[in-house]
Amino acid sequence: EELLTNCVNDTHFNAQWHLKNTGQSGGKIGSDIKACEAWEFTKGCGDIIVAVVDEGLELNHPDLINNLSPISFDTHTNSQPSTIRGIHGTPVGGIIGATANNNLGVAGVAPNVKLMSISVTFNFTLISRVRRAAGINFAWQNGADVINCSWSTAITEPSIDNAIQNATTNGRGGLGTVVVFTSGNNGSSPVEYPSQLSSVISVGSSTRIDQWATFSNY
């Protein structure tokens, strides 16, 4: 309990059981990612850029504003800055890199990294999928070390395949950009595309009692 209180001072950290689970809300103590222990070693680095290819981050959000890359991109206008195109992007960005120890909001998993906002939409259309590919390409071409894509699509799209291949091969000066996708949210097997590609890291979910989350693909 003392560790939970003293780890960071963010207002809602006590509700972030995925970072530090002390049994709150019926959880199982220790069913978390051991964030406090990891932060003893690093909270991430300001030289690391994580691109969030999503519905756009709130660029003036008080818990994100200090951690935003000066570069952002909107795939619909093909220009900067990014635009808010839905409610999904800002929470995703916060989970990754919300500022820690600012007596405000929540703490991100890596609260010292820089977040690059790439705005897309999740329409069930070809142009939407092509624009998502353009967002991935923009990210690695503009210095992203990690590209986070918390989405999937039911239809395989060659332009997305190519963008991922470009990122993992040519990103970071030829070292390869790390590309992360959700495994899917319909609770079935196998994982969804593009998460099933061997060149990406697929991420699923578990619950606060260390069980497979029923909505998460496996």
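Trp151 is buried, with a relative accessible area of 4%, where buried means under 20% relative accessible area, exposed over 50% and partly exposed in between (1.4 Å probe, protein chains only). The model is predicted, and local features therefore need pLDDT of at least 70 and side-chain atom pairs count only at pLDDT 80 or more, while totals for chains, interfaces and linings use all residues. Residues are numbered from 1 along each chain as its sequence is written, and side-chain values use heavy atoms, with hydrogens and water left out.

## Aromatic pairs

The structure holds 5 aromatic pairs, a pair being two rings of Phe, Tyr or Trp (its six-membered ring) whose centres lie within 6.5 Å, with planes under 30 degrees apart counted as stacked, over 60 as edge-to-face and the rest as tilted. The rings of Phe13 and Trp39 have their centres 6.2 Å apart and their planes at 40 degrees, so this pair is tilted. Phe13 lies in the loop between helix H1 (2-7) and helix H2 (35-39) and Trp39 lies in helix H2, so the pair ties together parts that are 26 residues apart in sequence; helices (H or I, at least four residues) and strands (E, at least two) are DSSP runs, numbered from the N terminus. Phe13 is buried at a relative accessible area of 1%, and Trp39 also counts as buried, at 8% relative accessibility.

Phe122 and Trp151 form another tilted aromatic pair, at 6.4 Å centre to centre and with 40 degrees between the planes. This pair links distant parts of the chain, with Phe122 in the loop between S3 and H4 and Trp151 in the loop between S4 and H5, 29 residues apart. Phe122 counts as partly exposed at 25% relative accessibility, whereas Trp151 is buried at 4%. Ring pairs link Phe122, Trp151 and Phe181 into a cluster. The charged end of Arg132 sits over the ring of Trp151, 4.9 Å from its centre; the criterion is that NZ of Lys or CZ of Arg is within 6 Å of the ring centre and within 35 degrees of the ring normal.

## Nonpolar cores

A nonpolar core is a set of buried Ala, Val, Leu, Ile, Met, Phe, Trp, Tyr and Cys residues joined through side-chain atoms within 4.5 Å. Of the 24 residues in the largest such core, Val53, Ile136, Ile147 and Phe181 touch the most other members. At least two residues of this core come from each of S1, S3, helix H4 (126-141), S4, helix H5 (158-170) and strand S5 (178-182), and the largest share, 5 residues, is supplied by H4. Leaving aside residues up to four places away in sequence, Val53 touches Ile118, Val120, Arg132, Gly135, Ile136, Ile147, Asn148, Cys149 and Trp151, where contact means heavy atoms within 4.5 Å. A second, separate core of 11 residues includes Leu57, Leu64, Ile96 and Ala98.

Strand S1 is mostly covered, with 6 of its 6 residues buried. Ile49, Ala51 and Val53 point one way from S1, while Val50, Val52 and Asp54 point the other way. S1 and S3 run parallel and are joined by 6 bridges, and S1 and S4, which also run parallel, are joined by 3 bridges; two strands pair if DSSP finds at least two bridges between them. Val53 has Ile118 as its bridge partner in S3, and Val52 stands opposite Asn148 in S4.

Helix H3 (residues 89-97) is likewise mostly covered, 7 of its 9 residues being buried, namely Gly89, Thr90, Val92, Gly93, Gly94, Ile96 and Gly97. The cover over these buried residues includes strand S1 (49-54), strand S3 (114-119) and strand S4 (146-149).

## Salt bridges

A search of the whole structure finds 3 salt bridges, each defined by a side-chain nitrogen of Lys or Arg within 4 Å of a carboxyl oxygen of Asp or Glu.

| Salt bridge | N to O distance |
|---|---|
| Glu37 and Lys20 | 3.5 Å |
| Asp32 and Lys34 | 3.3 Å |
| Asp74 and Arg85 | 2.8 Å |

Asp74 in strand S2 (residues 73-74) and Arg85 in the loop between S2 and H3 are 11 residues apart, and their pair links distant parts of the chain. Asp74 is buried, with a relative accessible area of 0%, whereas Arg85 is partly exposed at 30%. Glu37 in helix H2 and Lys20 in the loop between H1 and H2 also form a link between distant parts of the chain, 17 residues apart. In that pair Glu37 is partly exposed, with a relative accessible area of 33%, and Lys20 counts as buried at 13% relative accessibility.
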